[in-house]
Amino acid sequence: MKRSIPHRSLGWFTYWLKQTIDLIFPPRCAGCNVTGKVWCEECNDRIIPSKRRSCTACGFPLEKGIICSICEDWPNRIHVRSFAHYKKPLSSAILKLKYRSDQALANEMASWLVSIYQRTGWRADCAIPVPLADVRLRQRGYNQVTLIATSFAKELKLHIFTNALKRVRETQSQVGLDRRERHVNVEGAFRADTRIVQDQSIVLIDDLLTSGATLKNCAIALLNAGAAQVYCLTVGRA
Ligand SMILES: [Zn+2]
Ligand SMILES: [Zn+2]
C-alpha cells in the first residue's frame, strides 16, 4: 500500500501541472491555430476520410483490383488502412507533430487510429511504430510516430515495442524519386528482432502513407523475423 502513495501524489501533481501550463499557455488547434484545444470541432468536420480502394500489400490507392503493379509478385498480403487524406487541416496537424513533440496531439491522432482499428476486426497483440533514421532521431530528439503508437497501444491495451524494428541502412531522401524508385530505395532498409516479433500479430503505425514503400519494407522485415500477421495504420494518405 505504501508504494501507491508517491504514484498517486505524482498523478495529482502532473494533473495540476498540466492545468497550470494550459492556463498560461493555452493549447492551440493543430489545424487552424484557434486557442482552446489541440484539435477543434471545425477542423474535425473538415477531415476527408480515406475510403478509396488500395493495394493490400502497400496501401497505394488503386482504381481497380486488389494489388498494385509493384507488389503483384509479392506473395504476402498485409492490410493497410489510412484515417484520412493528407489535406488541410489534417496535413497541418501531421506537420506540427513532426516539428514539435506534443503528446496531447499524438493522443488525438491515436484516437483516430483506434476508431479505424475497431472497425476492421483485426486482432493484434502489439503495436510497433515505423522507426526514424538514427540521425533524424538525434536531430529531432523524438519519433512522432512513437508518440502516436504508444497512445494507440495504451488505449487498446496492446503491447508496444519501440525497439523491435530498426533501420539498418541509411536511405537516400525519397524526394524526387518516382514510386518504383522509392520502393527500391528502401528495400532491405529495416530489420526486426525475432525475439520480440516471433508469432506476434502486429499493428505497424506510421503518420503518413505516400508510396507505400516504407510500410511494405517494414512489413517484410517483420514477417521475415517470424511475425504472424502485420496490419498497417497511417494517419494520413498522400
Ligand atoms: Zn481547428
Ligand atoms: Zn502495392
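Is helix H9 largely enclosed by the rest of the structure or largely exposed, and why? Select residues 213-224 to find out. Of the 12 residues of H9, 10 are buried, so the helix is largely enclosed by the rest of the structure.

Before moving on, some ground rules. This is a predicted model, where local features need pLDDT of at least 70, side-chain atom pairs count only at pLDDT 80 or more, and totals for chains, interfaces and linings use all residues. Residues are numbered from 1 along each chain as its sequence is written, while chains are lettered from A and ligands numbered from 1 in the order in which they are written. Helices (H or I, at least four residues) and strands (E, at least two) are DSSP runs, numbered from the N terminus.

Stay on H9 for a moment. The buried residues include Leu 215, Lys 216, Asn 217 and Cys 218. From first C-alpha to last, H9 reaches 16 Å, close to the 16 Å expected at 1.5 Å a residue; the expected span is 1.5 Å times one less than the number of residues. Just after the helix, click on Gly 226, which takes a positive phi of about 105 degrees.

Next, the sheet. Color the five strands in the order E1-E7-E6-E2-E3: they form an open sheet with parallel pairing. Two strands count as paired if DSSP finds at least two bridges between them. E1 (79-85) and E3 (159-160) stand at the edges with a single partner strand each, so one side of each has no neighbour in the sheet.

Now zoom in on E6 (201-209). Seven of its nine residues are buried. Eight bridges join E6 to E7, which run parallel, and you can find Ser 201 opposite Gln 229 in E7. E6 also pairs with E2, in the parallel sense, over four bridges; look for Ile 128 and its bridge partner in E6, Leu 204. From E2 (126-129), carry on to E3, a parallel pairing over two bridges. There, Cys 126 stands opposite His 159.

(Axes are lines fitted to C-alpha atoms, for helices over the stretch in contact; angles run from 0 to 180 degrees between N-to-C directions.) H6 is mostly covered, with 10 of its 13 residues buried. Among what covers those buried residues are helix H3 (90-99) and H4.

Last stop: H4, residues 103-120, which lies across E1, E6 and E7. Where does H4 stand relative to H6? The two pack at about 55 degrees, with their axes 8 Å apart. That makes H4 oblique to H6, since angles under 35 degrees count as roughly parallel, over 145 as roughly antiparallel, 65 to 115 as roughly perpendicular and the rest as oblique. To see the contact (C-beta atoms, placed from the backbone, within 7 Å), show side chains including Ala 106, Leu 113 and Tyr 117 of H4 and Leu 147, Ser 151 and Phe 152 of H6.

Key
Two residues are in contact if their C-beta atoms, placed from the backbone, lie within 7 Å. A residue is buried if 20 or more other C-beta atoms lie within 10 Å of its own, exposed if 12 or fewer, and partly exposed in between; C-beta atoms are placed from the backbone.
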